[in-house]
Amino acid sequence: MNFENALYEEDIRTAAGAGVPWELLKGRNVLIAGATGMLGRAMTDILMYKNEKDDLGCHIYASGRSRQKAEKRFPGRYFCSPCFTFLEWDVAGSAPEDMPKMDYLLNMASNTHPLAYASRPIETILTNIYGTRNLLDVCRRQQGGRNVFLSSVEIYGENRGDKALFDERYTGFLDCNTLRAGYPESKRCGESLCQAYFREAGVDSVIVRLPRLFGPTLLEEDSKAVSQFIHKALCREDIVLKSGGSQHYSFLYVMDAVTGILTVMLSGKAGEAYNLASEDNDVTLKCMAETVAGAVGKKVIYELPDEDEKAGYSTATVARLDGTKAMGLGWKPMYHAVEALERTIHIMEEEIV
């Protein structure tokens, strides 16, 4: 999808007008590892727009495992831009020796949905661990650059019942001896690697912990619950909820995630972790399903998950993040989750038509 529609362009302009200290990007090199993913695509679009609009002179190095996929995911004009370079690189493998010196390295390369956790658990773990190590080694070898590790609400595990919101020092229960644990445990290990490289090798890192994300840049294979709701809506099918829907989670629109990540990247304190969330965006799964169903005139139906789906699903029933620390840097979401979910459907509908 090239998203040549008014709503998506409006979202890009809105994000580019957020209170991010954009001037710090002038003349900088930014590596986006995992650029063809949902988050990487939105990040690339916003930075490319801001670069052109305000003449930042920032160079975007977008990396991914497949140039062919990148050519489908990104507008053709990007590949003709002097501000854009695509690097065909699987971050789980060694970085190219001739990689230019990077000022910021965004680690967005990861499997991020349940079916991938269940069907490709080894890949999930090794990408999160080896990919993180390789990006940190680039910083160490180049003797500079800030590493930005994209972590997840999943690292908190299950709520112990003692807090309504997870702050950055909270630790809940996580059973490491399960198939699905590969994702949160490898994210935890990635965070530990960032701390190790920071303390021992002086590599500058910040950690961003993301809630459940959604947005029009999602991939077709994305099996997260809300992504599946959106896919069903676009096919004009009833929305399938594979639980009672009482799960209470923090959600975030992909455009708000991008502005939050950039804020932490440019203003966060080295060695610190930051949650991106707002209590206004804490919504039950049932509410999200009903919102999607209402947007396309369909109903919510309830089904039991199959064994593959069940193996990849989170068992957490309450996972709400405290975003106070990130908001202290000047960031705040621009969209409410319900409004943004409706926008997502409208943008993607127009692309299909």
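Reader: Is Asp167 buried, partly exposed or exposed?

Author: First, the ground rules: this is a predicted model, where local features need pLDDT of at least 70, side-chain atom pairs count only at pLDDT 80 or more, and totals for chains, interfaces and linings use all residues. Residues are numbered from 1 along each chain as its sequence is written, and side-chain values use heavy atoms, with hydrogens and water left out. Buried means under 20% relative accessible area, exposed over 50%, and partly exposed in between (1.4 Å probe, protein chains only). Asp167 has 23% relative accessibility, so Asp167 is partly exposed.

Reader: Which residue forms a salt bridge with Asp167?

Author: A salt bridge is a side-chain nitrogen of Lys or Arg within 4 Å of a carboxyl oxygen of Asp or Glu. Here the closest N and O atoms are 2.7 Å apart.

Reader: How many residues apart in sequence are Arg236 and Glu349?

Author: Their side chains meet in a salt bridge, 2.5 Å from N to O. Arg236 lies in the loop between α7 (225-234) and β8 (239-241), and Glu349 in helix α12 (residues 337-352), so the pair ties together parts of the chain. Helices (H or I, at least four residues) and strands (E, at least two) are DSSP runs, numbered from the N terminus. The separation is 113 residues.

Reader: Are α2 and α8 roughly parallel or roughly perpendicular?

Author: Helix α2 (residues 38-54) and helix α8 (residues 254-267) pack with axes 9 Å apart, at an angle of about 70 degrees. Axes are lines fitted to C-alpha atoms, for helices over the stretch in contact, and angles run from 0 to 180 degrees between N-to-C directions. Angles under 35 degrees count as roughly parallel, over 145 as roughly antiparallel, 65 to 115 as roughly perpendicular and the rest as oblique. The α2 and α8 pair is therefore roughly perpendicular.

Reader: Which residues of α8 meet α2?

Author: Contact means heavy atoms within 4.5 Å. From α2 come Met38, Leu39, Ala42, Met43, Ile46 and Leu47. The α8 residues are Val254, Met255, Ala257, Val258, Ile261 and Leu262.
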